[in-house]
Amino acid sequence: MKVIAIANQKGGVGKTTTAINLSAALAKLKKKVLIVDTDPQGHATIGLGIETKKKKTIAELLTYENCESADVIQKTYIKNLDIIPSDLSLSVAEMKLSMMGAKEFKLRTKLSDLKKYDYVIIDCPPTFGTLAINAFTAADQVILPIQLSYFSLEGVSNFIDTIQFINKDINSIVNHVIKIGGVLITFCDTRANIAKEVLSSIERVFGRSMFSTKIPQNVRLNEAQSHGKVVFDYDPKCKGAMAYEAFAKEFLERSTV
């Protein structure tokens, strides 16, 4: 089982869109996939049409000792794709979590009994707090979606510093290292000069870590999520669907090397 965190400290870069559609693409390629929503906004949960009312979520999983992963996992409408859902109750749970012992490793511990999945995809919140640290101590690698804007570029060095800090000061406790598995360009439109400059700078920093697939700007991606569907089921022939299909195949090629 490989655990992948989709993370960026900046919101609006296609993080959840990537988590949902990568998970769905892998499932359609007959991989058994679990998506873990660690964002209190619950966008991955909503984007897959999952209901959390009167059901246990990741909030209970992280804060109740007697709650196991099997108690909160729900099936999605997509074959081979399950989810540990989230909603606003996770905001309260995060405060409780911050006062618990070994708080950084709760998710790692709760996921350790899962054996039936090929991939676990963690959709991270757009902040580097307790929830994100839990994702980074559980994951083998992180995929960084980046939009071609100046502010996205500004946050890259902070992201690298954060990963290095977590590996040195937290992951070392359990002899674990999370690696940057790849950088994915999202909302790609290189017609503007600033976008070309940002892309060139990112390529200099990350080199071979860059995925060759780039996700274009495509309104169908947002429309799909608003209907509780992945883009492959909403508009399988749109540019966004074809890009995420190509990305999933490239991801698989890398993960098997």
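The bend at a residue is the angle between two fitted axes, one through the seven residues ending there and one through the seven starting there. Keep that in mind for the first view. What you are looking at is a predicted model, where local features need pLDDT of at least 70, side-chain atom pairs count only at pLDDT 80 or more, and totals for chains, interfaces and linings use all residues. Residues are numbered from 1 along each chain as its sequence is written, and side-chain values use heavy atoms, with hydrogens and water left out.

**View 1. Helix H8 has a kink of about 30°, centred on Val 156.** Helices (H or I, at least four residues) and strands (E, at least two) are DSSP runs, numbered from the N terminus. H8 takes in residues 150–169, and at 1.5 Å a residue its 20 residues should span 28 Å; the end C-alpha atoms sit 30 Å apart, which agrees. That expected span is 1.5 Å times one less than the number of residues. The buried residues of H8 are Ser 152, Gly 155, Val 156, Phe 159, Thr 162, Ile 163, Ile 166 and Asn 167. Here buried means under 20% relative accessible area, exposed means over 50%, and partly exposed is in between (1.4 Å probe, protein chains only). Among the elements covering those buried residues are helix H7 (130–138), strand E6 (141–147), strand E7 (179–188) and helix H9 (193–206).

**View 2. Asn 158 is another residue of helix H8.** With a relative accessible area of 45%, Asn 158 is partly exposed. Asn 158 and Gln 9 are 149 residues apart along the chain, yet their C-alpha atoms are separated by 8.7 Å.

**View 3. Phe 206 is found in helix H9.** Phe 206 counts as buried, at 10% relative accessibility. Skipping residues up to four places away in sequence, Phe 206 touches Leu 144, Ile 146, Val 156, Ile 160, Ile 180 and Val 183. Touching, or contact, means heavy atoms within 4.5 Å.

**View 4. Helices H5 and H7 are roughly perpendicular to each other.** The axes of H5 (residues 89–97) and H7 come within 9 Å and cross at roughly 75°. The contact is made by Leu 90, Glu 94 and Leu 97 of H5 with Thr 130, Leu 131 and Asn 134 of H7. Sorted by class, that gives three nonpolar, two polar and one charged. Axes are lines fitted to C-alpha atoms, for helices over the stretch in contact, and angles run from 0 to 180 degrees between N-to-C directions. Angles under 35 degrees count as roughly parallel, over 145 as roughly antiparallel, 65 to 115 as roughly perpendicular and the rest as oblique. For the classes, Ala, Val, Leu, Ile, Met, Phe, Trp, Tyr, Cys and Pro count as nonpolar, Asp, Glu, Lys and Arg as charged, and the others, Gly among them, as polar.

**View 5. The axes of helix H1 (residues 15–28) and helix H12 (residues 239–255) come within 9 Å and cross at roughly 70°.** That makes H1 roughly perpendicular to H12. On the H1 side, the contact involves Thr 17, Thr 18, Asn 21, Leu 22, Ala 25 and Leu 26, while H12 brings in Tyr 244, Phe 247, Ala 248, Phe 251 and Leu 252. By class, this contact has eight nonpolar, three polar and no charged residues. H12 itself has 17 residues and reaches 24 Å from its first C-alpha to its last, close to the 24 Å expected. Its buried residues include Tyr 244, Phe 247, Ala 248, Phe 251 and Leu 252.

**View 6. Ile 122 lies in strand E5 (residues 119–123).** Ile 122 is buried, with a relative accessible area of 0%. Leaving out residues up to four places away in sequence, Ile 122 touches Val 3, Ile 4, Ala 5, Ile 6, Val 36, Thr 38, Leu 107, Ala 135 and Ala 138.

**View 7. Lys 30 is in the loop between H1 and strand E2 (33–37).** Most residues other than glycine have a negative phi. Lys 30 is not a glycine, but its phi is positive, about 70°. At 72% relative accessibility, Lys 30 counts as exposed. Asn 80 touches Lys 30, along with Ala 27, Lys 31, Lys 32 and Val 33, not counting residues up to four places away in sequence.
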